[in-house]
Amino acid sequence: MLEVIGLTKKYGSTLAVDDVGFAVPDGKVGILLGPNGAGKSTVIKSIAGLLRYKGTVRIQGLDSRTVEAKRCFAYVPELPYMYEALTIREHMEFITRAYGLTVPEEEIQALFETFELTDKQDKLGNELSKGMMQKVSICCALVIKPKVILLDEPMVGLDPAAIKELKQVILRLRDEGCTVLISTHMLEMVKELWDVTFVMDKGRILGTYPRESVADEDLEELFFKVTGCSGKGGPSSVEEAQ
């Protein structure tokens, strides 16, 4: 379970996130939506431990700053970072050693096969396209078998086959009881995935919407309705709105 309680973040005198709170239970997929400047990235980076903030973030009931919490948490950033001198294979080895894990070879190979990296294991980090870096970042997150995973715009840069596989992976994680939080503006990509949506704007959560409460309402229409944006004569998608 992922819990965010009273999360507040200032950049100097600018209040970027104001008392944000939400929770994603075990075995559920949460979607964080918001236009550009809503504070979404600040929330994501705070959960991931990349920013200092006021408030509380709990992972499986543990303070997110503790080593125990970090061991069961995985983060796939929007802009993946690769070590230039490490191969794809060595990135996986680095992550498993950092977490103190012994992962069977067949499990690593299965991840490579899923994301079509089997014949690219010896490529260096500085040789990878953004799409390939995204695939490696996802594999590194999955190899630790997290109980909570945060994916920030995970489908940007992926080819259609990889997007399809990632959707199946997300559904499998959910079925296995993993907590998943996805931050995205690509609504078409997550329509069949989400269980609860959090709509954010101007540093606050405007509404929390379980799927069953908006079963007859399109996710894009919900976004425009809650944020006060108009789909007529304006942006036709959240991506354009940002």
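Colleague: What makes the charged end of Arg65 count as sitting over the ring of Tyr53?

Modeller: The charged end of Arg65 is 4.5 Å from the ring centre of Tyr53; a charge sits over a ring if NZ of Lys or CZ of Arg is within 6 Å of the ring centre and within 35 degrees of the ring normal. Lys9 likewise lies over the face of Tyr11, at 5.2 Å from the ring centre. This is a predicted model, in which local features need pLDDT of at least 70 and side-chain atom pairs count only at pLDDT 80 or more, while totals for chains, interfaces and linings use all residues. Residues are numbered from 1 along each chain as its sequence is written, and side-chain values use heavy atoms, with hydrogens and water left out.

Colleague: Why is Gly30 called buried?

Modeller: Its relative accessibility is 0%, so Gly30 counts as buried (under 20% relative accessible area; exposed is over 50%, partly exposed in between, with a 1.4 Å probe and protein chains only).

Colleague: How many aromatic pairs are there?

Modeller: The count comes to four, where rings of Phe, Tyr and Trp (its six-membered ring) pair if their centres lie within 6.5 Å.

Colleague: Why is the pair of Phe22 and Phe198 called tilted?

Modeller: The centres are 4.6 Å apart and the planes are at 35 degrees, so the pair is tilted; planes under 30 degrees apart count as stacked, over 60 as edge-to-face and the rest as tilted.

Colleague: What makes the pair of Tyr83 and Phe94 edge-to-face?

Modeller: The planes are at 65 degrees with the centres 5.4 Å apart, so the pair is edge-to-face. Tyr83, at 38% relative accessibility, counts as partly exposed.
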